[in-house]
Amino acid sequence: LQLRPKYKLAYDSLLKLLLENKNHAEARELIMDGVNKFGPRPELLRELCRLDSLDGFVVQAVSNCSESIRISPNFPDHYVFLIQ
């Protein structure tokens, strides 16, 4: 990621690995870095919404889930995560 910061495939692979290992704190930081590099992409905001709601970050979850809903309103999961 340091050699090619805009190489999305490496970014996605690292994120997948962090999520599989349930390393939510590192995954959350990587997602926020991805939002800064790639913009507010729906898949990134959905995952951030999910992680925040599962880990009990209520204020961040409300904010990130609301933003995710605004960007991709047809995806039902972030509504569920917002309610949680």
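**View 1. Helix H1 along its length.** In this predicted model, helix H1 runs through residues 8-20 and holds 13 residues. From its first C-alpha to its last, H1 reaches 18 Å, which is close to the 18 Å expected at 1.5 Å a residue.

View 2. The buried residues of H1 are Lys8, Tyr11, Leu15 and Leu18. Because these residues cover an arc of only 90 degrees around the axis, they lie on the same side of H1. On the face of H1 that is turned away from this buried side, the exposed residues Leu9, Lys16 and Glu20 are found.

**View 3. Surroundings and end of helix H1.** The buried residues of H1 are covered by parts of the structure that include helix H2, residues 24-38, and helix H3, residues 42-54. After H1 comes Lys22, a residue whose phi is positive, with a value near 55 degrees.

**View 4. The crossing of helices H2 and H3.** Two packed helices are described by the angle between their axes and the distance between the axes. For H2 and H3, the axes come within 10 Å and cross at roughly 150 degrees. Angles over 145 degrees count as roughly antiparallel, and H2 is therefore roughly antiparallel to H3. The crossing of these two helices, H2 and H3, is left-handed.

**View 5. Residues where helices H2 and H3 meet.** On the H2 side, the residues in contact with H3 are His24, Ala27, Arg28, Ile31, Met32, Gly34 and Val35. They meet Leu44, Leu45, Glu47, Leu48, Leu51 and Asp52, which belong to H3.

Conventions: Residues numbered from 1 in each chain as written. Predicted model: local features only at pLDDT ≥ 70, side-chain atom pairs only at ≥ 80, totals over all residues. Heavy atoms only, no water. Helix = DSSP H or I, 4+ residues; strand = E, 2+ residues; numbered from the N terminus. Expected span 1.5 Å × (residues − 1). Buried < 20%, exposed > 50% of the residue type's maximum accessible area, 1.4 Å probe, protein only. Arc of directions from axis to C-beta. Contact = heavy atoms within 4.5 Å. Axes fitted to C-alpha atoms, helices over the stretch in contact; angles between N-to-C directions. Parallel < 35°, antiparallel > 145°, perpendicular 65-115°, else oblique. Left-handed = near helix turned anticlockwise from the far one by under 90°.
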